Amino acid sequence: MLLKLARLSLWNRRSTALLTLVSLSLSVALLIGIDHLRHQARDSFQQTLSGTDLIVGPRGGQTNLLLTTVFQMGNPTNSLSPDSYRMLAEHPMVDWAVPIALGDTLKGFPVFATHWSYFEHYRYGQRQPLSFAEGRPFAASSDREVVLGAAVAKELGYELGDDIVIAHGSAGVSFTHHDDHPMTVVGLLEPTGTPVDRRVHMTLKAMEALHNDEGHDSHDSHSPDEHAHDHNDHSEHSHAGEAQAEAVPGNINAVLLGLKSRPAVFGLQRDINQYREEPMTALIPGVALTELWQLLGVAENLLYLISFLVLLATLAGMMTMLLASMGERRRELAILRTVGASGLTLFWLIELEVLLLTIFSLATGLLLLTASLAIAQPWLATEFGLFIAINPISAQTAYLLAGILGLAALMGLVPAISAYRRALAEGLNPRL
Amino acid sequence: MHTDNTNTASSPAIELSDLQFSWSSGGGPLLDIPRLTLARGERVFLYGPSGSGKTSLLNLLAGVSLPQKGQVQLLGQNLSSLSDRQRDRFRARHIGVVFQQFNLIPYLSVQDNIELAAHFARLEQKRPELHRRTRELLAALGLSAELAGRPASQLSMGQQQRVAVARALITRPEILLADEPSSALDTDTRNAFMQLLLAQAEASDCTLVFVSHDRSLAKHFDRQLHMRELTPSPVAGEVA
């Protein structure tokens, strides 16, 4: 009966109750959403790269190197010479070395030019290797074969055997298309939930070829023969180099290193940072990821705090709404007193209204959040490389929801106690 | 429940003794009643102009406020000896109240308004019986059954007052307090209402305390009381 009374009373004041419901839902969605995002971001972050002991790039900031090589954010500004790569690859402590060249895009997806051994050595999450959904890695010597990450293939709708055209520069729309150098999709990777999904993989040679073509295209006067000749040249080079540490066809942007013995990582990092022939920066991915996360963590905690304050403000709004309604509800409460409701009953009636309103807001807030995550997910993935699970509910969220409910009940004490005291102070028929 | 055990049939319905009551502790007493006894089934017309302490007396009789001095005994139960909660329960079980207006919660249906009283009197366990009695009361008060589902706010004033009587009587109270229940009604409706109220009070064997400033209604009652008899003499205190 009390529940029915609370429900109908709220319904009777539905315009103000609805306003409260909407604002409370929004702040619940905001709080849970930010909590969800930060957990997702942290998980996603830690799962980005594993198994690589060092990332080496040209001299520069560690954060910048990490962002360009791991997340393909920003443009690489400098490059490493083939000589330095050879030095690293042939270093006695190094087990494997995977060169990377970046800077091109395919319809907004970053081109990741690398060596075939990338598919062998690259690890993410709990040292999981990359696996193929379809097809195979590109051939080591090919300059026309492409392997697509899961998100690229899905969003651009490419399948095995499709021809694609690469643009230069990182903008989604580029005016210098490499029209004369179409490439073929030979492999599709399984989704990883890391930036790998957004990479368009090809050989370093393929990228060089693209850039050579571009240079020629600008003069508008080259026969297909000449292109063919170029390609042959490259193939020969690569076959020659394959015997030793494979030579890279041109400048690269970074090298992923795996060491024979992990404890050697600090020594090697120091050696590389002090290398005389060419200024280089070496970073330990685990350490750099943690540092970057801590950097982001401040903003993230601040965001969380703000969303919590928004919730508090909204709950205070609800409290005010209920307190204000006490005036117009004096008669209603007096009638309840007349038929025998105790002051305590009125107290519980108001608390029940608060809880009803809050539970509804939690439900609609979660619904709102799930819906907006479902809508925003593809966009977050393409624009920011953030891979967010759509379902925001976890054990952690349950605690958060219970906390919000508790807080609402606490704030509800103010109007509830006011109803209780008013009930006892006023007679049966308050003069209005 | 010990509130039920006390009302032996022999005790009077209402017994006030040495009662003094004032709103503010500093001012003189608003009510000063050395002794007042109403027998069971008695129908009393309480006359007094506004401001003469009628509402305060009703609050005392309903157990919403307690006197500073003296006793209010209803059905042999001294209200001062009950806790707040017990007094609320006592009111729910034994007292029906009808006001001049605003008796009903506007957004509840007529049926819900009536059953609300039964809920607080803990009578709802016998739901079918409750429904039957609600319909009976509505019929006896000249209200059609289809009104039961309508929100109280859609009724006319006359209908609302009759529903208020049904609401007051659903718990079969021993005492019915009516505070100017007919003064918001026009003359024709008022006469019909008075007849129904008195008939139902009699049928339910209630002690009826009817408060009004309209002396023409006094003829319907066994006994008449003037508020003047219940308030301190003008010399002792200042009375409006």
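Predicted model: local features only at pLDDT ≥ 70, side-chain atom pairs only at ≥ 80, totals over all residues.

Mentor: Residues are numbered from 1 along each chain as its sequence is written, while chains are lettered from A and ligands numbered from 1 in the order in which they are written.

Trainee: How many residues of helix α4 of chain B are buried?
Mentor: Helices here are DSSP runs of H or I, at least four residues, numbered from the N terminus. A residue is buried if 20 or more other C-beta atoms, placed from the backbone, lie within 10 Å of its own. Helix α4(B) spans residues 110–120 and is mostly covered, with buried residues numbering 11 of its 11.

Trainee: Which residues of α6(B) does α4(B) meet?
Mentor: Contact means C-beta atoms within 7 Å, placed from the backbone. The cover of α4(B) includes α3 (84–94), α5 (127–140) and α6 (157–169) of chain B. From α4(B) come V110(B), N113(B), I114(B) and A117(B), and they meet V163(B), A166(B) and R167(B).

Trainee: Are α4(B) and α6(B) roughly parallel or roughly antiparallel?
Mentor: Their axes, lines fitted to C-alpha atoms over the stretch in contact, with angles from 0 to 180 degrees between N-to-C directions, lie 7 Å apart at about 30°. Angles under 35 degrees count as roughly parallel and over 145 as roughly antiparallel. The two helices α4(B) and α6(B) are therefore roughly parallel.

How values were computed. Buried ≥ 20, exposed ≤ 12 C-beta atoms within 10 Å, placed from the backbone. Contact = placed C-beta atoms within 7 Å. Parallel < 35°, antiparallel > 145°, perpendicular 65-115°, else oblique.
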